[in-house]
Structure formats: structure tokens, C-alpha cells
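Biologist: I would like to go through the side-chain contacts of this protein. Could you take my questions one at a time?

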Amino acid sequence: MSTKTVEFDPFSRDFFDDPYDTYADLREHAPCYYSEQYDFYALSRFDDVVAGHRDHATFSSTHGQTYEQLKSGEPAQMGSIIAMDPPEHTRYRKLVSRSFTPRSIGNYEGLVREIISGYLDPLMGRRQFDILEEFAAPFPVEIISTILGVPPEDRQQIRHWTDAMLHREEGSAMGSQAAAEAGMAQGMYLFQLSQQKRAEPADDMISALIEAQVETDSGDLTHLDDAEIAGLGTLLAAAGSETVTKLVGNAMVLFHRHPDQWAMVLDDPSVLGTAVEEILRYWAPSQYQGRYSMVDSEWHGVTIPQHKPVFLITGAANRDPRRYDDPDKFDITRDPGLAVGLGHGLHVCLGAALARLESRVAIEEIARRWPAFEVNEEGLRRVQMSNVAGYSSVPITVS
């Protein structure tokens, strides 16, 4: 094991801006990293991250995902499948996943393209605009909220609550009071919406969840209550808005910096399938996933004790030269192989197929309208969020 000192602070400005040099140091010199400052462990090599995602007996999700949840040592009180292990997780995921199969998602392409066009068309005729603030931020939550059954006038509020929930001040490991209040407000809103749907069901996912039945530990069938539906809704709304927003914003910056790759998209839009996978690999919107160590385990000569927070750093795994040839090269023709850009294992992103569809259509529609564009690099702004990476502002000029 190398004696080089490596510092990894996931709440620092360096992490929010560009963690990839630090990731390289972690993989080479501290593949099982311990933070004395925050008392967490982190795995960064591809094979270790994949193994960690597959081993829920060692690395549990029941204590939540964020540092403050994991650090408390208490099981998460979230009522959401993101904080469940099997067999409970298996039952609940089966209930929801039928709406997110690739075949089911294919039925949404017309809706996706309509909403995307509805945000892009008003930008036609302008030479300068912020493709993140005016397009990539608002359209994904519009799509997932429509599917859930959120009324049109409330859909963007879901995004604002989610942004506030995930925001972290530089250097602060804990969420603010504003973040907690936003989480409570969103949960209460979805709880009340579930109650409303019970009285007035509609053709939407929340109404379908109300009607669905889930198997209990004893084998009996029961319905979800409003708190459980609100928990599922919060997860789907947050994941359905943040992931695609960051992916599309990242795509615009990457294609600006790699015009040869953009030329390939313009020449043959069918490459967008693998292009989306490469964007996810190169700049993963979710940089790490939190777990709670249930038993002692040894990694590269370091013991992770039980009852400790553990970060599985997919952002580092995606650049591991043990897995990828020339991993720091952005190449949209790359075979994605086993992709972990949207997580892996039991908790792989539930809406992964929808996220891929939205991202492909969004980039395709941008390319059709504006084959020539430039990003104003000086105007780029990044988010400061718990485990989410990407831009909050991407100003562009089109011709």
C-alpha cells in the first residue's frame, strides 16, 4: 500500500468542481480510504464499487444515503425503497418497476418529445440563452411529475424543493434547516396528493400505486398507505428531475469541448445511445452512493468496521484504468460494457430507462435545431449538492 497522503473531502469546493485527480489518487494510493475528519470509508476502484453495490449484507441501505443519515447510526425513517434491503426492497421495487421497464418507457416517447419540444421551441430565434436554466432544469421534472399525476401548476415546485433538499454549503457535511424544510414540504405535498387521488383516481402512477398490492412478511397482501406513496413519489420526483438535468447540461459542455464527438452526433444521431452512456461514465450525475457497514470487512489491507458510513464512489470507478482503456478520454463510440453511471445492483436507478430516453431525445432535438453552438465557459456555474454533480448554469450561443 502506498504511503502517499490522500485527502478526499466530498463537501469541498474541489469536489464540487472537479474531483477526478483526487479520484485517481484514491484508486492508486488509498483504494479503501478512511476520512479522519468525517469518520467515513470510501471505495473507488471499479471492481470494489461493483462488489459493494451487490453485497447488501455487508453494505446496507437501511440507514439512508446521505452522510448525515449514515452518521446518525439510526435506521432511516424515509418510507422509501432507497432505504430498504431485501426482502422488503424486493417487494416494493417489483411494485414500482413494472412502470419503468424499457417496454413501458417506450410508450412515453411521444410525451417526452412533446414536452422537450415545448421548452426548446420558444428559444428558437434567440442567439444566446442558458440551456440549463431554460431547458435542462425544467423539462425533466415536467415529465416525471406528469407521469406521477402532479397538477401542472405544481410541477416546477417539485424541482425547487428537490434542489433545496440536496443543496450543501461548501465545507458543510450536514444539510441546512432550509433543506430539511424543503424535504418536509415536498413529503407533505405528496402525502396530500395521495389522499386526493384516493378520492379522485386518475390515469397516473400515484393512482396506480394506490390500487396496487404489496406482499407482507407473512405473505399476506396489503395496500400502500399515503406515507409510503409519498416516500416513493419523493424518490421518483427527485431522481427523475436531477439526473437528467445534470446529464444534459454535462453533455452540452462535453460536446462543446469535443467538437469531433459532436460532429459524429450530427452525422449519425443513432450514436446517441452509446453517447448517453459515455456521458454518464465520464461525468456521472451521481458521484457516490452512501451505505452503512453492517459487519467488519477487509479491503486492500484496511478493515471497514461495522456501523460506519461507506461511500461507493461510482464517479471514480467510471475512470478506473483497470476497467477502461484510456479512461480520461471522452469517446462516444466506447462500448459501455457494465455501466454503473446510474448506480448498480439492487438500487440501480429505478428510472434509468426513462433517463436514457429523455437524454437521448433532448440531445437529438438540440442537434436538430442548433447544429452549431458554443458554450460561454466563463458563465458556467456548478451546483453544490449532496453526491450530485453537474451544472446550474450553461450559457450558450447558437448560430
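This is a predicted model: local features need pLDDT of at least 70, side-chain atom pairs count only at pLDDT 80 or more; totals for chains, interfaces and linings use all residues.

Biologist: Which elements do E278 and R334 come from, and how many residues apart are they?

Modeller: E278 belongs to helix α15 (residues 272-282). R334 lies in the loop between α16 (314-317) and α17 (352-369). The pair therefore links distant parts of the chain, by the DSSP runs. The separation is 56 residues.

Biologist: Is R334 buried or exposed?

Modeller: Buried means under 20% relative accessible area. R334 has a relative accessible area of 12%, so R334 is buried.

Biologist: E377 forms a salt bridge with R257. Is R257 buried, partly exposed or exposed?

Modeller: R257 is in helix α13 (residues 226-257), and E377 is in the loop between β11 (373-375) and β12 (381-382). The cut-offs are under 20% for buried and over 50% for exposed. R257 has a relative accessible area of 39%, so R257 is partly exposed.

Biologist: How many salt bridges does the count come to?

Modeller: The rule needs a side-chain nitrogen of Lys or Arg within 4 Å of a carboxyl oxygen of Asp or Glu. By this rule, the count comes to 24.

Biologist: How many aromatic pairs does a search of the whole structure find?

Modeller: Ring centres must lie within 6.5 Å to pair. The search of the whole structure gives 27.

Biologist: F129 and W370 form an aromatic pair. Is it stacked, tilted or edge-to-face?

Modeller: F129 is in strand β4 (residues 128-130), and W370 is in the loop between α17 and β11. Their centres are 5.1 Å apart. Planes under 30 degrees apart count as stacked and over 60 as edge-to-face. The angle here is 55°, so the pair is tilted.

Biologist: The charged end of R382 sits over the ring of which residue, 4.3 Å from its centre?

Modeller: R382 lies over the face of W283, at 5.5 Å from the ring centre. The 4.3 Å value belongs to another ring, that of Y391.

How values were computed: Residues are numbered from 1 along each chain as its sequence is written. Side-chain values use heavy atoms; hydrogens and water are left out. Helices (H or I, at least four residues) and strands (E, at least two) are DSSP runs, numbered from the N terminus. Buried means under 20% relative accessible area, exposed over 50%, partly exposed in between (1.4 Å probe, protein chains only). Rings of Phe, Tyr and Trp (its six-membered ring) pair if their centres lie within 6.5 Å; planes under 30 degrees apart count as stacked, over 60 as edge-to-face and the rest as tilted. A charge sits over a ring if NZ of Lys or CZ of Arg is within 6 Å of the ring centre and within 35 degrees of the ring normal.
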